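Student: Please take one part of this model, the strand pairing, and go through it closely. I would also like to know which side-chain contacts involve the paired segments.

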Amino acid sequence: MTSLETVKQYYACFNNKDWAGMLALLHPEVRHEPNQGEPRIGIKLFTEFLQHMDESYEETLTEMVFFDEPTGERVAVEFVVNGIYKKGEEGLPEAHNQTYILPAAAFLGLKDGKISRVTTYYNLPLWIQLVSE
């Protein structure tokens, strides 16, 4: 698979809640750089993150636009997150199945045919506003 195909498959797995499929596309030392907080290094920590997200959020990504570059080392994707906030988190509003629609983007690095970095960006104050209404 090309880098672009790998990233498209990764997000197809996300939308299908195929966590094992997502994890299979990751480099063993994947670096996950979330919008907030410290980076997570390695599949074990990324797996724990996915489990937490699955408990707290129900999300589907739409309006996906992918961008790649000639070396195949980086892919970017812009998308809209369509979500339900299922379980509250410390420092965030209480959860009671609020819905939200939020623009976001991710930048991915690839190494040895696997995703070696996932950096995600979204507007956290806007998300807080959406789930607080």
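Tutor: Two strands are taken to pair if DSSP finds at least two bridges between them; strands themselves are DSSP runs of E with at least two residues, helices are runs of H or I with at least four, and both are numbered from the N terminus. The model is predicted, so local features need pLDDT of at least 70 and side-chain atom pairs count only at pLDDT 80 or more, while totals for chains, interfaces and linings use all residues. Residues are numbered from 1 along each chain as its sequence is written, and side-chain values use heavy atoms, with hydrogens and water left out.

Six strands form an open sheet with mixed pairing, in the order S2-S1-S6-S5-S4-S3. S2 (40–41) and S3 are the edge strands, each with a single partner strand, so one side of each has no neighbour in the sheet. S3 runs antiparallel to S4, and ten bridges join the two. Two of the partners in S4 can be named: Gly83 is the bridge partner of Glu59, and Ala76 is that of Phe67.

Over residues 7–117 the chain is 47% strand and 26% helix, with the end C-alpha atoms 11 Å apart.

Next come the charged contacts. With a salt bridge defined as a side-chain nitrogen of Lys or Arg within 4 Å of a carboxyl oxygen of Asp or Glu, the count comes to five. One of them joins Glu58 and Lys17, with the closest N and O atoms 3.1 Å apart. Glu58 belongs to S3 (residues 57–68) and Lys17 to the loop between H1 and H2 (19–24), so this pair ties together parts 41 residues apart in sequence. Glu58 is partly exposed at 29% relative accessible area, and Lys17 is partly exposed at 30% (buried is under 20%, exposed over 50% and partly exposed in between, with a 1.4 Å probe and protein chains only). The backbone of Lys17, which follows H1, has a positive phi near 55°.

Glu58 also meets Lys86 in a salt bridge at 3.7 Å, N to O. Lys86 sits in the loop between S4 and S5 while Glu58 is in S3, so the parts tied together are 28 residues apart in sequence. Lys86 counts as partly exposed at 32% relative accessibility. Through shared partners, Lys17, Glu58 and Lys86 are joined into one network of salt bridges.

A further salt bridge links Lys87 with Glu55, the closest N and O atoms being 3.5 Å apart. Lys87 is in the loop between S4 (74–85) and S5 (98–111), and Glu55 is in H3 (residues 43–56), so this pair ties together parts 32 residues apart in sequence. Both ends are partly exposed: Lys87 at 43% relative accessibility and Glu55 at 46%.

Aromatic rings make contacts too. Rings of Phe, Tyr and Trp (its six-membered ring) pair if their centres lie within 6.5 Å, with planes under 30 degrees apart called stacked, over 60 edge-to-face and the rest tilted; the count comes to ten aromatic pairs. Phe14 and Trp19 form an edge-to-face pair, since their ring centres are 6.0 Å apart and their planes at 65°. Phe14 is buried, at 16% relative accessible area, whereas Trp19 is partly exposed, at 23%. Phe107 and Tyr121 are edge-to-face as well, with 5.9 Å centre to centre and 65° between the planes. Phe107 lies in S5 and Tyr121 in S6 (residues 114–122), so that pair ties together parts 14 residues apart in sequence. Phe107 is partly exposed at 36% relative accessible area, as is Tyr121 at 44%. Ring pairs also link Tyr10, Tyr11, Phe66 and Phe79 into a cluster.

Tyr10 and Tyr11 are among the buried residues of H1, which also include Thr6, Val7 and Phe14.
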